[in-house]
Amino acid sequence: MKTRFIDKKWLVVILVAALIEPLHYFLLINYPPPGKTFMAYDSDEALVMGIMRSPEYGFDNPWSPGEKVFFNGALASPYAYIPLGYLRMLLGIDALLMNIIAKFVLFIIFLAVLFKTMEALMPRNHELAFVFFLLPLGLMTFGYAVYIFTGIERFAEGFSFEFSILSNISRVYYYLPLITGLVSLLLFSKGRKTEAALALGATFFFYPFFGFAFAGLLLLYSISGKNGSISEKAKKSFDEAWKPCLIASAFLVPWLYARFSHPEYFTLYSQNSLWWRAHLVGIAGSYFFLLLIIFLANTELLKKHWKIAGIAGVLSTILMVSELKSLSVPPFNSINLPTLAVDVTEIMLLSLFAVAWFVLESNMDRRHKFTLLFALAFFPLSIFNPKYAFWQQYRMGYILHIPLAMLAALYFDSFAAKAKSYNISRNAIFIFLGILAVTSFLAYNYRFQMADRIIGQTYFDKADKDAMIFLEKQPKGIVMASDDTNYFLPVWSGHYALYHPAESQYQGGGPGRAEKKEVIAEIYSGKATSQGAAEFISKNNVGFVFRRSGENINFDSYPYLEKIYDNGARIYRVNKAMLTSSL
């Protein structure tokens, strides 16, 4: 009889998987291009590192003085990062190292909890499902080949396992609510409703979007095990799930306050929710061979219900063509498509209800029904939150990967039996999938490691980073810097930036962001006069001016700027008296 929480071999697998990302960071940090230093993997990582430092700013948005991090959805979830900020200060380490450590630890916990959840939901097939979850079984290798021959980078991006666990944008605020959400599902499946409610509440607290998704999954798990008519099943499920969901909803209070005290953010971000982040093209490319196993194992069922399958195929094709057009992928970008009278969200919701009805009326066992409903609920659950409730863009990739891996494991014996009729053995299937996974893994990790080195956006001159660290010793204030510098300046200097450069920030970039961006471009290109710069600096209460080592603008001649640091990169303190006399 097994007594371990998880067998030793699976703990080793989990540890090895969790070490992949820290290894990338080790190489990026310790082996930079000559004369350069690593700032963060991308601007998004710099953003969450800034949130981590917000306790030092009185919980201000470091890119928008006076705006608290609790209200702006573009800043992700502050509740995942504020505790890390205090821990960082206690340990005396920088925000980048704290983020790397947190992701490593939480990734191990996430994989362990996922393994136990799969074990509870499908005891016989959970190990194969876990392997399918870990392995990249998409079209990444082929997407790269198409990209190399056509030069269209979208193929490398779209036909990849961008939603898989080896995603290069893993984040703490994904892992925490995924862990608590899976724990709530695991506890609910064991009948421990009070504990499940608290875990679901934590999910709402860390990231409401995941809370809505997992609340829906609890309801689907409940209804998949009920007998009777659809209305009877729905009533029994509601009676079983409403109390845990009500208890969990209490954890939404801080988000509800933010939502209704600052409705402008919801209005802004719900209009730009970027639903294609979970686009069908990416899903087909990321999970192609998982979907192929599921499809080929159910050919008889598809033949029997060919009308439903045909309608689903037509709708999927229309959506995929629309997505390729919106992503400007030739030749789809030249296709004229009629505007849909009904929003795509509503189409997906209606489609889910139609197919879910069919699944619930079938004679499948509970685990089979739930796993199917889990996969089908992906789109509606992911779109509901940014469109109707809060403002966060959804990040459902990991959640979709789970039921697809479970379904592929569930149907694998049937798939292997059909393959055997064509003299294809199970070993041959595993060898093919293994080769595919290894080549995709190598291609992806090469891209992971080389992207920053080729683009160079997150590698600054070492002098620039040293100057930012020097600035941290100065009294806190607002620093004027060039556009790209603003991504990383608050993270490494502990000072406010004038605005956030990313277009996705919208109002999160601070008030008057577009105007500031335009004026900064003029100042740092040398087009603005000293008088014009003085007016801008005075208007925005700038305390310091930062000039990177590779920038040519000469601030030495500005009478109201006092140079306090020069190692190639330069820092100037604004002399307020001289500034006033210059106006």
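Good morning, colleagues. The structure before you is a predicted model. Its secondary structure comes to 27 helices and nine strands. Of the 583 residues in the protein, 54% are buried. Taking contacts between residues at least 6 apart in sequence, 73% join residues at least 24 apart.

Let me turn to the core. The largest nonpolar core has 166 residues, and those touching the most other members are Phe110, Phe132, Met480, Val545 and Phe555. Helix H4, residues 95–121, gives the most to this core, with 15 residues. As general background, nonpolar side chains in soluble globular proteins tend to be buried together.

Which residues does Met480 touch? Leaving out residues up to four places away in sequence, the partners of Met480 include Leu498, Ile520, Ile523 and Tyr524. Phe536, Ile537, Val542 and Phe544 are also among them, as are Val545, Phe546 and Phe555.

I come now to the helix pairs. Helix H9, residues 193–206, and helix H11, residues 230–249, have axes that come within 7 Å and cross at roughly 45°. The two helices are therefore oblique to each other, and the crossing is right-handed. On the H9 side, the contact is made by Lys193, Ala197, Leu200, Gly201 and Phe204. H11 supplies Glu240, Pro244, Cys245, Ile247, Ala248 and Ser249. By class, this contact has seven nonpolar, two polar and two charged residues.

The second pair is helix H10, residues 208–224, and helix H19, residues 366–376. Their axes lie 8 Å apart, at an angle of about 150°. Angles over 145 degrees count as roughly antiparallel, so that is the description that applies to H10 and H19. Here, too, the crossing is right-handed. H10 contributes Leu217, Leu220, Tyr221, Ser222 and Ser224, while H19 contributes Arg366, Lys369, Phe370, Leu373 and Phe374. This contact comprises six nonpolar, two polar and two charged residues.

Next, two buried residues. Val48 is found in helix H2, residues 43–52. With a relative accessible area of 4%, Val48 is buried. Beyond its neighbours within four places in sequence, Val48 is in contact with Tyr81, Asn99 and Tyr173. The C-alpha atoms of Val48 and Ala80 are separated by 9.5 Å, although these residues are 32 apart along the chain.

Is Arg548 buried or exposed? Arg548 sits in the loop between strand S7, residues 542–547, and strand S8, residues 561–566. Its relative accessibility is 17%; the cut-off for a buried residue is under 20%, and Arg548 therefore counts as buried.

Finally, some backbone geometry. Most residues other than glycine have a negative phi. Phe59 has a positive phi of about 65° although it is not a glycine. Phe59 lies in the loop between H2 and strand S2, residues 60–61, and is partly exposed, with a relative accessible area of 25%. Asn423, likewise not a glycine, has a positive phi of about 65°. Asn423 belongs to the loop between helix H21, residues 397–420, and helix H22, residues 426–455. Asn423 is exposed, at a relative accessible area of 75%.

Thank you for your attention.

Methods. Residues are numbered from 1 along each chain as its sequence is written. This is a predicted model: local features need pLDDT of at least 70, side-chain atom pairs count only at pLDDT 80 or more; totals for chains, interfaces and linings use all residues. Side-chain values use heavy atoms; hydrogens and water are left out. A nonpolar core is a set of buried Ala, Val, Leu, Ile, Met, Phe, Trp, Tyr and Cys residues joined through side-chain atoms within 4.5 Å. Buried means under 20% relative accessible area, exposed over 50%, partly exposed in between (1.4 Å probe, protein chains only). Helices (H or I, at least four residues) and strands (E, at least two) are DSSP runs, numbered from the N terminus. Contact means heavy atoms within 4.5 Å. Axes are lines fitted to C-alpha atoms, for helices over the stretch in contact, and angles run from 0 to 180 degrees between N-to-C directions. Angles under 35 degrees count as roughly parallel, over 145 as roughly antiparallel, 65 to 115 as roughly perpendicular and the rest as oblique. A crossing is left-handed if the near helix is turned anticlockwise from the far one by less than a right angle, and right-handed if clockwise. Ala, Val, Leu, Ile, Met, Phe, Trp, Tyr, Cys and Pro count as nonpolar, Asp, Glu, Lys and Arg as charged, and the others, Gly among them, as polar.
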